[in-house]
Amino acid sequence: MMDNALSTRPARTHRLAFVLGSGGVRSIAALGVAERLAREGLQADLVVGCSSGALFGAQIARGMHGEEAMRLATTLWSAELTQQRRWRAYLQLVAPKLAGFSAGFALRDDRLIAERITNAFGDVQLEQLPTPLRVAATDAATGQPVVLTRGYLVDALRASMAVPIIFPSVAFGGRHLVDGVLSDPLPIAAAADARVVLSLGFHGSMPRRVDRLSRLVAQTSTTLINNLMQARTDAAQARGQKVIAIELNLDRPVGLWETSAMPYLFEAGWRAAEASLLDIVAALEDADVCPVQPALPAFVC
């Protein structure tokens, strides 16, 4: 659904957008990227995030920096958030008709997630953030990508991280929304009105061997997500948009919930931004001289 206000007024051109993909705890590297750019007087005037990227992107859009941002991040991303079991779910699996199995089925309760996000951001709405934030989610009924720009930040973030089967869908604007990674794991298309895009995506590693069902599922989902991210980047570049991919140089694997690696990831983001500084500055200078006609992103709500 296109936002009526956006569709009736001239499009605003964003100079620099920071697009954050889903990557678990690795997404915290975005804080290091933003901190390094700030040292050079560079700041994104639009942030777009998917799943964990939206969670940490909200901190950037809120203007949180340094130690404050790191302290908050440790409460927003921890393994205990996924351990809040819904005991009724097991009955729904065993006796679906009796227990009322439905499309809203979930193995875990997301109330602790909602509590943590509320403690961090209060009842702020997306349109009240100092820097515009667009949150990528997926319409559970249609599978279409949805970009949220208005409404309560807490609900938008919950929706963007609502992994189907694990967490319940989130009611938002009359629809039920789930994890944005299903439809757009690196939502560059949601920043179609930006002259320059910095993207922080995370390509998954394929299993070394497929000797059990979980690894076969991982192989399939990783293939889909990796190709979808690349397709989004290719499409943006084909329409003339300047996209600079921030690549983390990690010398070891990092687990999805490995919160102890947060300082390491922050520093990796800092170094990656530093390595791309010349390209970023050059792209912004080129964009200022020869601006690309902005286009409104689709599926904005």
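**Figure 1. Salt bridge between Arg209 and Asp211 in the predicted model**. The closest N and O atoms of Arg209 and Asp211 lie 2.9 Å apart. Arg209 counts as exposed because its relative accessible area of 51% is over the 50% cut-off. Asp211, with a relative accessible area of 43%, is partly exposed.

**Figure 2. Salt bridge between Asp211 and Arg212, and the network around it**. The side chain of Asp211 also meets that of Arg212 in a salt bridge, with an N to O distance of 3.6 Å. Arg212 is partly exposed, its relative accessible area being 48%. Through salt bridges that share partners, Arg209, Asp211, Arg212 and Arg215 are joined into one network. In the structure as a whole, the number of salt bridges is twelve.

**Figure 3. Salt bridge between Arg36 and Glu40**. A separation of 2.8 Å between the closest N and O atoms places Glu40 and Arg36 in a salt bridge. Side chains of opposite charge can pair when their charged atoms come close. The two partners fall into separate accessibility classes: Arg36, at 9% relative accessibility, counts as buried, whereas Glu40, at 44%, counts as partly exposed. Arg36 is assigned to the buried class because its value of 9% is under the 20% limit.

**Figure 4. Buried residues of helix H4 and the helices that cover them**. Helix H4 spans residues 66–76, and its buried residues are Gly66, Ala69, Met70, Leu72, Ala73 and Leu76. The cover over these buried residues includes helix H2 (29–39) and helix H3 (52–62). Helix H7 (111–121) and helix H10 (262–289) are likewise among the elements that cover them.

**Figure 5. The largest pocket and the residues closest to its centre**. The space in the largest pocket amounts to about 1600 Å³. Its lining is made up of 50 residues, of which Ser22, Gly23, Gly24, Arg26 and Leu256 are the closest to the centre of the pocket.

**Figure 6. Elements and residue classes in the lining of the largest pocket**. H3, strand S7 (194–200) and helix H9 (213–238) are the elements that each give two or more residues to this lining. The largest share, nine residues, comes from H9. Sorted by class, the lining of the largest pocket comprises 29 nonpolar, 17 polar and four charged residues. H3, one of the contributors to this lining, is also among the helices that cover the buried residues of H4.

Notes: Residues are numbered from 1 along each chain as its sequence is written. This is a predicted model: local features need pLDDT of at least 70, side-chain atom pairs count only at pLDDT 80 or more; totals for chains, interfaces and linings use all residues. Side-chain values use heavy atoms; hydrogens and water are left out. A salt bridge is a side-chain nitrogen of Lys or Arg within 4 Å of a carboxyl oxygen of Asp or Glu. Buried means under 20% relative accessible area, exposed over 50%, partly exposed in between (1.4 Å probe, protein chains only). Helices (H or I, at least four residues) and strands (E, at least two) are DSSP runs, numbered from the N terminus. Contact means heavy atoms within 4.5 Å. On a 1 Å grid over the protein atoms alone, a cavity is a set of points where a 1.4 Å probe fits but cannot get out, and a pocket is an open set with protein on both sides within 12 Å along at least five of seven lines; lining residues have an atom within 4 Å of a point. Grid points are joined across faces, edges and corners, and a volume is the space filled by probe spheres set on the points. Ala, Val, Leu, Ile, Met, Phe, Trp, Tyr, Cys and Pro count as nonpolar, Asp, Glu, Lys and Arg as charged, and the others, Gly among them, as polar.
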